[in-house]
Number of protein chains: 4
Amino acid sequence: MSKGKVCLAYSGGLDTSVILAWLLEQGYEVVAFMANIGQEEDFEAAEKKAMKIGATKFVLSDVRKEFVEKILFPAVQVNAVYEDVYLLGTSLARPVISKAQIDVAEKEGCFAVAHGCTGKGNDQIRFELAFYALKPDIKCIAPWRDPEFFNRFAGRKDLLDYAAEKGIPVTQTKAKPWSTDENMAHISYEAGILEDPDCTPPKDMWKLITDPSDAPNEPQDLTIFFEKGLPVKLVIGEKKYTTPLEIFHAASSIARKHGVGRIDIVEDRYINLKSRGCYEQAPLTLLRKAHVDLEGLTLDREVRQLRDQFVTPSYSRLLYNGSYFTPECEYVRSMIQPSQNTVNGQVRIRLYKGNVIILGRSSETENLYDATESSMDELTGFQPTDTTGFIAIQAIRVKKYGESKKAKGDPVVL
Amino acid sequence: MSKGKVCLAYSGGLDTSVILAWLLEQGYEVVAFMANIGQEEDFEAAEKKAMKIGATKFVLSDVRKEFVEKILFPAVQVNAVYEDVYLLGTSLARPVISKAQIDVAEKEGCFAVAHGCTGKGNDQIRFELAFYALKPDIKCIAPWRDPEFFNRFAGRKDLLDYAAEKGIPVTQTKAKPWSTDENMAHISYEAGILEDPDCTPPKDMWKLITDPSDAPNEPQDLTIFFEKGLPVKLVIGEKKYTTPLEIFHAASSIARKHGVGRIDIVEDRYINLKSRGCYEQAPLTLLRKAHVDLEGLTLDREVRQLRDQFVTPSYSRLLYNGSYFTPECEYVRSMIQPSQNTVNGQVRIRLYKGNVIILGRSSETENLYDATESSMDELTGFQPTDTTGFIAIQAIRVKKYGESKKAKGDPVVL
Amino acid sequence: MSKGKVCLAYSGGLDTSVILAWLLEQGYEVVAFMANIGQEEDFEAAEKKAMKIGATKFVLSDVRKEFVEKILFPAVQVNAVYEDVYLLGTSLARPVISKAQIDVAEKEGCFAVAHGCTGKGNDQIRFELAFYALKPDIKCIAPWRDPEFFNRFAGRKDLLDYAAEKGIPVTQTKAKPWSTDENMAHISYEAGILEDPDCTPPKDMWKLITDPSDAPNEPQDLTIFFEKGLPVKLVIGEKKYTTPLEIFHAASSIARKHGVGRIDIVEDRYINLKSRGCYEQAPLTLLRKAHVDLEGLTLDREVRQLRDQFVTPSYSRLLYNGSYFTPECEYVRSMIQPSQNTVNGQVRIRLYKGNVIILGRSSETENLYDATESSMDELTGFQPTDTTGFIAIQAIRVKKYGESKKAKGDPVVL
Amino acid sequence: MSKGKVCLAYSGGLDTSVILAWLLEQGYEVVAFMANIGQEEDFEAAEKKAMKIGATKFVLSDVRKEFVEKILFPAVQVNAVYEDVYLLGTSLARPVISKAQIDVAEKEGCFAVAHGCTGKGNDQIRFELAFYALKPDIKCIAPWRDPEFFNRFAGRKDLLDYAAEKGIPVTQTKAKPWSTDENMAHISYEAGILEDPDCTPPKDMWKLITDPSDAPNEPQDLTIFFEKGLPVKLVIGEKKYTTPLEIFHAASSIARKHGVGRIDIVEDRYINLKSRGCYEQAPLTLLRKAHVDLEGLTLDREVRQLRDQFVTPSYSRLLYNGSYFTPECEYVRSMIQPSQNTVNGQVRIRLYKGNVIILGRSSETENLYDATESSMDELTGFQPTDTTGFIAIQAIRVKKYGESKKAKGDPVVL
């Protein structure tokens, strides 16, 4: 008799195939779940493999649309970034996948969800915290943290032996000396040879983005239009893209072609370990840079400063730490849209061998920038003497500072 | 009889030459002051011109060394940046110049200082607040905010007429349709045709940095070494640079050659106006990027987060707003060094047509990154079951959130 | 012929009466405006006086309801406080008064508004920034910053002489050696003898709140109910108060009676001067304390922390600095309500001679506190071993810190 | 043969006595450690009991002096407070105790430390993180998280039975229906009947502080002197206290006598549970309030604001969460002293039935407050017209806001 149904996040790879077989061996029924999040993947082959191993059912959820609309575009809106450079490609995908997996688990009557994440990474936390928020009574099976499992499968050979025993087909392609995670926003590379943070990744590792030195010699110009901080149109030459999915895909293709968006960092995992990762994050690099630029033209300075100091880092850290479905992230998310009411306009951009060059920006609706008023050559609507008062008031505190330091024999210095 | 001595920040250009003559006309003696801050300038010609117009004395202060050591390197240490992209090249120069000008004013017995800044910009504030902190009883003469002056010289023609009348030599080169400010860290372009934020700057405007498309086809590799967050060595091929000034100059040359560091933004002036500026900031772009990368390897996550959220934006805003010599900036500066004790190591970098590509990084002294420990393939020194507890504790709050939302009929959603 | 109509914020006192007469003398028509903001005031006498002096019209706006609903209760919701102790009583009134004055100015066809604020205080800024936001083309007349006015009326005697000349009735009561500003939320005392920050205010200065030593010997218990962070019911013995205005008034009476809410501080004006103020802020002291307590029971820790660190201080500073009607304050205000969804429940309180003592709190709807779960005597629903994992993960970073410090010969110390 | 020496944090109570016996039973030698942290305790009786049970040695460390100097006074300096009201009495003691325990463990050759903290509280984390930072290779034995122990001792009866079996003397006094933790800064009450957050604590629970209604009818005045933010003298009538320990004790006695410092809250444990606690925190309440007041007079506004927003909450949270010995806390601690250079002066205070009333404050050395300059009656050194410029510059952004809102049909409202 079955010990109940488990919804397993299945990738088609060796690990989750072994986990699938092992769960069956433990007496569970298994629903194999995959999310189409824009990664390059042979979903049919994965389905066949899962069913061959013994899954009760295979469910593929296409979540690309909600990934762009609910997660990626808001990330652009808030300029999300972790530790200065990482645009959170993996982190951003997790809430969407978790939600889809819980939906499948509920629909299929599963009492538990399972995943193949290691016990040292961020993803286990991202998935499990999401599962618990979305369905507090769900059980989580994490074989790589279960001594029975991880002691049995201590090395890759154990996995291969077990696969052979269970008749699990194994692709003959030699394993790459790193692991990857891909979705429409990015691909990550980590582990293996990359664990030496001074090891320069081989040129053939990079998969999605053209090497800047191989990118076209001709630059490519394009224009991105925003409404309330969200991309609403992308124009590349004669072509116009207007739905979120189209815009995102087109931004991705053109940025990848022109070598935009590779990074290589040592980052801080939530689990208190540092880790080296390389990322190709072409579309977010392009869209975020355009958005930041338009904010210069259209966003009030003080609103921007509050958003930059409080909202952007809080949101980014919460996403990184797998805390999308938490009270605090719900709270922080509520702060994104109200900051963006005036972020309306368009940015003209040139892509060239890895560079995203701003050519200009404009807005039909916003009034914060006023060329005449800012002009050094004009005095319209501005009394230069006002600035004298402005400085005089600021100077009150400053003079006291200078006097006090001098009086104490500790004069102000560089 | 003289109304007293004034120390005028003199540039050799039309404006400050007219101001010099006008101050003399008002009955002041004038000490013409220039700072060598690494800009391209014919200091001798400026001296001759000042003396010809009637300055009592011309003083040139070479402040390049203290500019690098006291200001630019600490800015690298704290990753200073304003509104996401501007590395503060102009702002950073102001404290050093102000200090030198006050020193000259004191030495020469001047009761006042004067400058040629407009009444709409940031620089007037930066200079004057610095003057008041350094010498609270100093008088500031700001002709462009004095109705008597700005009403008399309402246009460029008035300045030229006055120059002619006073025998002030005017260079015949046609004025460029923008204005610039240069020092060893950067050059700025603003005003004129740039006041249309959608006007792409002409290719020949850019002066210091090679256009990425004209930069060498061969990439250039180099290594930057840091101690406590400060650059201490730069190695480019066979060449080694070790003093701050050498390092800064070499970083500048190589980055400029490879097209690194141009930006074009609309920024928020302190004076509550938005303004468009283009900047070439090659050396800070390179050094800052290397520093950020090394922090990934060597800086504790939580120290970094506190520094990133509080210190970096506070310091950057204060510098931008001309508040270097204030109690709050003294306070914030005291927070830079204590964050950098572990930022020791080296970063290998490739420059290529505008790209700064990280090739790898390492540290002989720091232990925060541990390849074995982070390895997904290793379990040494780590109990995967610990993570189960870690997640379980985090999940307490998360489950309550999910339950509460469900109980209120407002379930958790994407 | 009239130079146009001016809407003057009129108080009935000597200063604004002189200003009224002076404005008439300058050739303006004057609409005298007063706001009923809950202060103790003889509005009829003020009206008579204004009309006698020559006002075209006298308009009294009763803004008490919107003051409580739009401003005071949200201030309680966000726990607003400036520099640790000041509950912003004066600052909070300014937006409501300004709005009412602009409404009157528009309705009466005034091209300008005028006020009697001094040139050194916060109020001039609060009023004028509000005026400009609400009606950007309005003119502001601030006689105490107009040299023609302040040079003519250099001392109190000049005002009295002018009043005599113009037939303005002056009350014979001797001026108190301090000035006050009152509304339903508080009264402020400043200037005069209080300008010595070491001068203890005389007992008879305090007007609204019973001296704790004279307050009843019997404590008074009461219960305050909140919904989404807003007070919705106040129960004192048999009496129940349920509208915002009733609740606020009843809270005020009972707190004043029991000696709650006096403070004495030196604060920082926006204008870069320090200033000494004494305040009686009974109702806000009581309501805020109850609200803070209920948040302990019902608000998520992380939401609270974000709100406490970012929203509360930002909102408080903006209010103090007269920036209620700004983009950044609109933005920050939008962050208040979303933090309060779970702040539902009631707090039992005892008042006794200046003390606000929490007796207990409860909530029918919120689940964050769970006595069983928190109990040290129970293990239900909690694996103590989970904490071991939680600590182990935290310890990773901590051990590295200890090791690194030791390795560098700089061991961890107290 | 012994399994090695363990240093046990021993309290003399039932739990740690049973743990002591149980550790012996497991084959360890045990060094019983106690810290004198100012609690009321019969240390000799505890020593006898420990030795009787079988401890190898009993070590009492008197840490009161360093508790005041290294921890409590810096907490006053930084105005430390957790969740608005809790002055962190328990949290502050933990670093000092942990340090002393590790010192004893090292001196006595112990390979492990043990404690009797429950698995649901904050203290286990505070102790263990401290242990790991101070001695990364130490082992921690936490019986209340060891299934072998907590399953065996599931209830109080099991502990009593074991005590009887092992001949451990048990005091006959009936256990109070709450538990306490005491040190010189405070006493905490939690658990038992207090687990109902709406249960008002019985009057006889409170142990250290006089009930305000029983406090003297005569107020008590005193003066506290600070240098660089640290208390350096306390004057009560004729008596003067000048060493940190004397000052702290005297402040404690007088504040306790006058009913100052009781609180009752629901707080958020680090472990993600809410918990109800009552605290008597007399000396910190008094000293902190005086310190806050003096900062009003002597601390620059902007320094204060930075400290308030970043340093105080960060430091308080880190202390609460047991993170004193971490890189981030070392970093934050380095920010305390530089904020306090100008906090020099004295505060006159009246204590009366629970109230801490500020009577006045003064400073001989600081110049930030200037009565003449702040005076509403004086114009010395201040041009009222300067404020006009100050407001005009601020108004630029504000007017644009008003215009933009109006243009979009969404006018500015309250």
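1. Just after helix 10 of chain A, A:G322 has a positive phi of about 70°. Helices (H or I, at least four residues) and strands (E, at least two) are DSSP runs, numbered from the N terminus. The model is predicted: local features need pLDDT of at least 70, side-chain atom pairs count only at pLDDT 80 or more, and totals for chains, interfaces and linings use all residues. Residues are numbered from 1 along each chain as its sequence is written, while chains are lettered from A and ligands numbered from 1 in the order in which they are written.

2. Helix 10 of chain A covers residues 301-320, and its 20 residues reach 27 Å from first C-alpha to last, close to the 28 Å expected at 1.5 Å a residue. The expected span is 1.5 Å times one less than the number of residues. A kink of about 40° is centred on A:D308; the bend at a residue is the angle between axes fitted to the seven residues ending there and the seven starting there.

3. Chain A as a whole has 13 helices and 14 strands. Its C-alpha trace spans about 85 × 60 × 45 Å along the principal axes. Of its 414 residues, 58% count as buried. Among contacts in chain A between residues at least 6 apart in sequence, 72% join residues at least 24 apart; a contact here requires C-beta atoms, placed from the backbone, within 7 Å.

4. On the pairing of chains A and B: chain B can be laid on chain A by a turn of 180° and a shift of 0.0 Å along the axis, with an RMSD of 0.0 Å. The two copies are thus related as by a two-fold rotation axis. In chain B, the C-alpha nearest that axis belongs to B:Q309, at 3.0 Å. Superposition is by least squares on the C-alpha atoms of residues with pLDDT of at least 70 in both copies.

5. The interface itself puts 85 residues of chain B in contact with 86 residues of chain A. Helix 13 (residues 384-407) of chain B supplies the largest share of the chain B side, 12 residues. That side divides into 39 nonpolar, 21 polar and 25 charged residues. In this count Ala, Val, Leu, Ile, Met, Phe, Trp, Tyr, Cys and Pro are nonpolar, Asp, Glu, Lys and Arg are charged, and the others, Gly among them, are polar. The copies meet through the same surface, because 100% of the interface residues of chain B are also interface residues in chain A.

6. B:E128 deserves a separate entry. The residue lies in helix 5 (residues 123-134) of chain B and is buried, with 26 other C-beta atoms within 10 Å. Not counting residues up to four places away in sequence, B:E128 touches A:I391, A:A395 and B:C140. The C-alpha atoms of B:E128 and B:F325 are 11 Å apart, although 197 residues separate the two along the chain.

7. The same surface serves both copies, as 100% of the contact residues of chain D recur in chain C. In this pair, 85 residues of chain D are in contact with 85 residues of chain C. Helix 13 (residues 384-407) of chain D gives the most to the chain D side, with 12 residues.

8. Helix 13 of chain D has 24 residues, which should span 34 Å at 1.5 Å a residue; the end C-alpha atoms are 34 Å apart, in agreement. The helix bends by about 40° at D:A395. Of its 24 residues, 19 are buried, so helix 13 is largely enclosed by the rest of the structure. D:G409 follows the helix and has a positive phi, near 70°.

9. The largest nonpolar core has 507 residues, of which A:L8, B:L8, C:L8 and D:L8 touch the most other members. Such a core is a set of buried Ala, Val, Leu, Ile, Met, Phe, Trp, Tyr and Cys residues joined through C-beta atoms within 7 Å. Leaving aside residues up to four places away in sequence, the contacts of B:L8 include B:T16, B:I19, B:L20, B:L23 and B:A114.

Notes: Buried ≥ 20, exposed ≤ 12 C-beta atoms within 10 Å, placed from the backbone. Contact = placed C-beta atoms within 7 Å.
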